[in-house]
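I looked up each item in turn and recorded it below.

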Amino acid sequence: MPYYPSTSIPDYYLIDDLLTKEHLLIRDSVRSWVDSFVLPQIDQAAQDHKDIPGLMKELGAIGALGPYIPQKYGGMGLDQISYGLIMQELERGDSAVRSAASVQSSLVMFPIYKFGSEDQKLKYLPKLASGEWIGSFGLTEPNHGSDPSSMETHFTEHEDHYLLNGSKMWITNAPLCDLAVVWAKDPEGKVRGLIVERAMEGFSTPETLNKWSLRASKTGELVFDNVKVPKENLLPEVSGLKGPLSCLNSARYGISWGVIGAAIDCYCTAVQYSLERKQFGKPIAGFQLQQKKLAEFLTEITKAQLLCWRLGTLKNDDKASPAQISLAKRNNVKMAIDIARESRQMLGGMGIMGEFPMMRHAANLESVITYEGTHDIHLLITGHDITGINAFS
Ligand SMILES: Cc1cc2nc3c(=O)[nH]c(=O)nc-3n(C[C@H](O)[C@H](O)[C@H](O)COP(=O)(O)OP(=O)(O)OC[C@H]3O[C@@H](n4cnc5c(N)ncnc54)[C@H](O)[C@@H]3O)c2cc1C
């Protein structure tokens, strides 16, 4: 159970009043699952650099994998606010848990749902929704991160199959995955999506060890050495970078919500600890400097909550632009990492201990501020949107 009473989770601007009964029910059920399943084991998993056993099937059972995918394909058919609230609650547990659900939902199920054939949807989506199969998403390469258009991974065309060569790096869940949605260049140099299955010869997924961040999540490479991919595994409905970028839009939206959860966990812990911890004869919460920190945390969390709620309504109406999503991802991740670092200081020496979540969240958020577009790249996206001038290259 969390260190603080769940009644102290902030809703300073009564955003709950903007949510439906269904939203609240979903949010609260994921909240209690995180309290009972994730929190008791997350520190040990992160300390041991091990993923939580059975996590994906648990996430499938609570409906956290592809929540907005239609029920026909094993999803829950929920709206975007529900998806956001689920991500928020998962990341209150740990960014690794939210990352697992984000990748499976937005980077694996979403492209299959959006760009796949009916046969591909029926074959893959129900197993991904239940967590029986684990998916990964291969875009980043050793030599090409922020600039995926320069990717080297490519395939050639043969009678009934493609031959895929190249490699992807920093891939969430690569060592565990049963299949990967891989973005590669076709013989004409166009980016296409391929579904690569674990059993395909020449496909390997070495693990990336020694991370100081997202330690409860497996990261690895996807290596393709003349992998024979059947032609029916090509995603037929998309060509060009808009394929992977539309997946990233969906995942970045989820991250904007998710990191609010990490910030809430740090904020609530800091409030509780500062009320209990006494120095100079009174609770440290009674000192102005500590109150300034708490007041600023609450202000920033509230702003981020309002931003996400509005973005969610735009997304439900299919009106959220990629630049609006970038702004929210950049703002909210910075908000959360600042709160994790500052709240850690409020616990003094205890702040570095595994009994409290701040170091874990702060370290995790170093990955979150880097993946799905770095903090600086999102700034350039906003700059481009303001000026119409591309400052990337
Ligand atoms: C734990 C983890 C999990 C990940 N999971 C996945 C995954 O599942 N699938 C996947 O495909 N990828 C994944 N990634 C990769 C992630 O998306 C990339 O790390 C990220 O896009 C940055 O790429 P890079 O690391 O190559 O950095 P680079 O692109 O080399 O950037 C290095 C620095 O240069 C800056 N920079 C780059 N270009 C410019 C520019 N034009 N102007 C100014 N500054 C610039 C960047 O902001 C950054 O600060 C993951 C990464 C991590 C750490």
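Entry 1, largest pocket. I looked up the volume of the largest pocket and noted about 1,300 Å³. A pocket here is an open set of points on a 1 Å grid over the protein atoms alone, where a 1.4 Å probe fits, with protein on both sides within 12 Å along at least five of seven lines; lining residues have an atom within 4 Å of a point. The grid points are joined across faces, edges and corners, and the volume is the space filled by probe spheres set on them. The model is predicted: local features need pLDDT of at least 70 and side-chain atom pairs pLDDT 80 or more, while totals for chains, interfaces and linings use all residues. Residues are numbered from 1 along each chain as its sequence is written, and side-chain values use heavy atoms, without hydrogens and water.

I counted 42 lining residues for this pocket, with Gly145, Leu248, Arg252, Glu372 and Gly373 nearest its centre. The elements that each supply at least two lining residues are H4 (95–115), S3 (161–172), H6 (242–276), H8 (322–346) and H10 (375–387). Helices (H or I, at least four residues) and strands (E, at least two) are DSSP runs numbered from the N terminus. H6 gives the most, with seven residues. By class I recorded 18 nonpolar, 17 polar and seven charged residues; Ala, Val, Leu, Ile, Met, Phe, Trp, Tyr, Cys and Pro count as nonpolar, Asp, Glu, Lys and Arg as charged, and the others, Gly among them, as polar.

I found 18 residues around the ligand, the closest being Thr140, Ser146, Trp170, Thr374 and Phe392; the criterion is a heavy atom within 4 Å. For polar contacts (pairs of N or O atoms within 3.5 Å), I noted a ligand nitrogen 2.7 Å from a polar backbone atom of Trp170. A backbone N or O atom of Phe137 lies 2.9 Å from a ligand nitrogen, and one of Glu372 lies 3.4 Å from a ligand oxygen.

I recorded a volume of about 420 Å³ and 17 lining residues, with Gln80, Phe110, Lys114, Lys315 and Asp318 nearest the centre. Domain 1 (6–130) and domain 3 (242–387) each provide at least three lining residues; these bounds come from an automatic or database domain assignment.

Gly348 follows H8, and its phi is positive, near 55°.

Technical notes. A polar contact is a pair of N or O atoms within 3.5 Å; within protein, one must be able to donate a hydrogen and the other to accept it, and residues adjacent in sequence count only if both atoms are side-chain atoms.
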